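Please read this report alongside the sequence and the model shown below.

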Amino acid sequence: MRLEQVEVRRIEMPLKAPFETSIGRTTTKQFLLVSVSADGVTGHGECVADADPFYLPETNVTALHVLRDFLVPMAFALDIAHPRQVRPALSRVRGHEMAKAALEMAVWELVARREGVPLYRLLGGRGGTVEAGVSIGLKATDEAMVEHVAAEVEGGYRRVKVKIKPGRDRGLVAAIRQRFPRLALMVDANSAYTLATAERLRALDGFSLTMIEQPLAWDDIVDHAALQRLLKTPICLDESIPSPENARRALEIKACRIVNIKVGRVGGFAGAIAVLDVCRAHGAPVWCGGMLESGIGRLANVHLQTLPGFTLPGDTSASARIYDEDLVDPPVTVSPQGTITVPEGPGVGHQILWPRVERATSFREIWRRP
Ligand code: OSB
Ligand code: MG
């Protein structure tokens with residue numbers, strides 16, 4: 001199979017409420033949607049880069065550049081027998097994992113549609129349901145956070161993650177624990193701490209957190225290993241794991257005990273599967289992270305986390321928590337038991353609402369195979 005056309009759209013979707021982390025505050029989601037076509041079938045991949053380089057270095061502008069000038073020409077040159085061939089074919093480009101992932105995921109989705117199977121089947125996963133977790137942004141007060149946690153627990157979520165930063169950590173966790181002594185609770189610092197401020201994290205050791213996500217620098221594993229030696233609570237790495245090789249290094253030096261896999265952060269589905277294999281070999285639990293995706297990327301995450309090895313609930317929550325109008329129908333929903341049903345339709349498995357996509361598109365570019 002040879003790709004005939006690649007289309008990139010920039011899409012803007014207002015969030016229902018601002019999402020705040022130690023990095024900053026997001027009010028609108030802006031992302032690239034990559035669509036690849038061959039033999040009259042089109043597949044879609046959602047790029048998780050943002051307008052700014054505050055979480056990781058890529059932006060929508062760098063992703064567009066690298067797609068247009070490097071990745072898409074490489075993909076056009078390829079005769080694709082299986083989507084797993086795309087990752088090695090793009091490996092000459094260093095970094096730019098989010099741009100690579102969007103293109104690679106679109107090819108997997110295209111092939112799943114061509115074969116008339118749900119994405120999970122092509123990936124080697126299973127049907128049924130997955131357990132939903134939820135990631136809650138920083139709130140103005142600890143009381144407001146406890147109320148948000150209560151609402152999500154009421155909604156069925158069985159695992160809750162809250163964002164922390166220095167000064168909004170020990171008191172916040174204590175307040176949540178007081179009300180929910182047995183809740184599966186974790187925190188995510190998005191690199192807001194250093195070894196010098198790590199005492200604050202040791203203060204969290206008494207709260208039976210399931211893990212502390214990415215406390216230290218986005219590109220560090222050495223200091224994380226030092227910190228893990230000081231903490232009882234397992235460290236989970238997010239930002240610091242851009243590839244299977246880095247996952248292996250991190251686990252070898254014991255920089256973490258748990259890994260968050262975001263398909264966009266590790267260059268696509270083949271990269272995610274390779275990270276999963278590394279983690280399984282080390283006996284490290286894995287869960288699937290999220291990037292406030294629209295339904296297209298959200299469903300991709302649902303399919304991915306049906307693979308064996310995703311042993312913990314992830315950050316995939318209902319579309320309606322974040323967006324008034326999703327780009328897929330039905331939107332992603334969570335049952336009162338805290339589960340998401342894995343779609344059985346071809347590809348991501350829910351209908352894409354093209355009039356909505358059209359309305360949300362602020363820029364579009366199309367390339368055809370030369
Ligand atoms: O660190 O996991 C993170 C959102 C944007 C950028 C980074 C992160 C997050 C989340 C939200 O935690 C997860 C989600 O609801 O999609
Ligand atoms: Mg994170």
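## Cysteines

A disulfide is a pair of cysteine sulfur atoms within 2.5 Å, and the structure holds zero of them. Cys-47 is in no disulfide, since the nearest cysteine sulfur, that of Cys-288, is 16 Å away. The sulfur of Cys-288, in turn, is 12 Å from the closest cysteine sulfur, in Cys-236, which is too far for a bond.

Cys-47 is buried, with a relative accessible area of 1%, and Cys-288 also counts as buried, at 0%; the word means under 20% relative accessible area, computed with a 1.4 Å probe and protein chains only.

## Basis of the model

This is a predicted model, in which local features need pLDDT of at least 70 and side-chain atom pairs count only at pLDDT 80 or more, while totals for chains, interfaces and linings use all residues. Residues are numbered from 1 along each chain as its sequence is written, chains are lettered from A and ligands numbered from 1 in the order in which they are written, and side-chain values use heavy atoms, with hydrogens and water left out.

## Ligand site

Ligand 1 is surrounded by 14 residues, each with a heavy atom within 4 Å of it, and the closest are Ser-135, Asp-188, Asn-190, Lys-262 and Leu-292.

Polar contacts are pairs of N or O atoms within 3.5 Å. A polar side-chain atom of Asn-190 lies 2.8 Å from an oxygen atom of ligand 1, and a polar side-chain atom of Lys-262 lies 3.0 Å from an oxygen atom of ligand 1.

Notes: Polar contact = N/O pair within 3.5 Å; in protein donor to acceptor, adjacent residues only side chain to side chain. Buried < 20%, exposed > 50% of the residue type's maximum accessible area, 1.4 Å probe, protein only.
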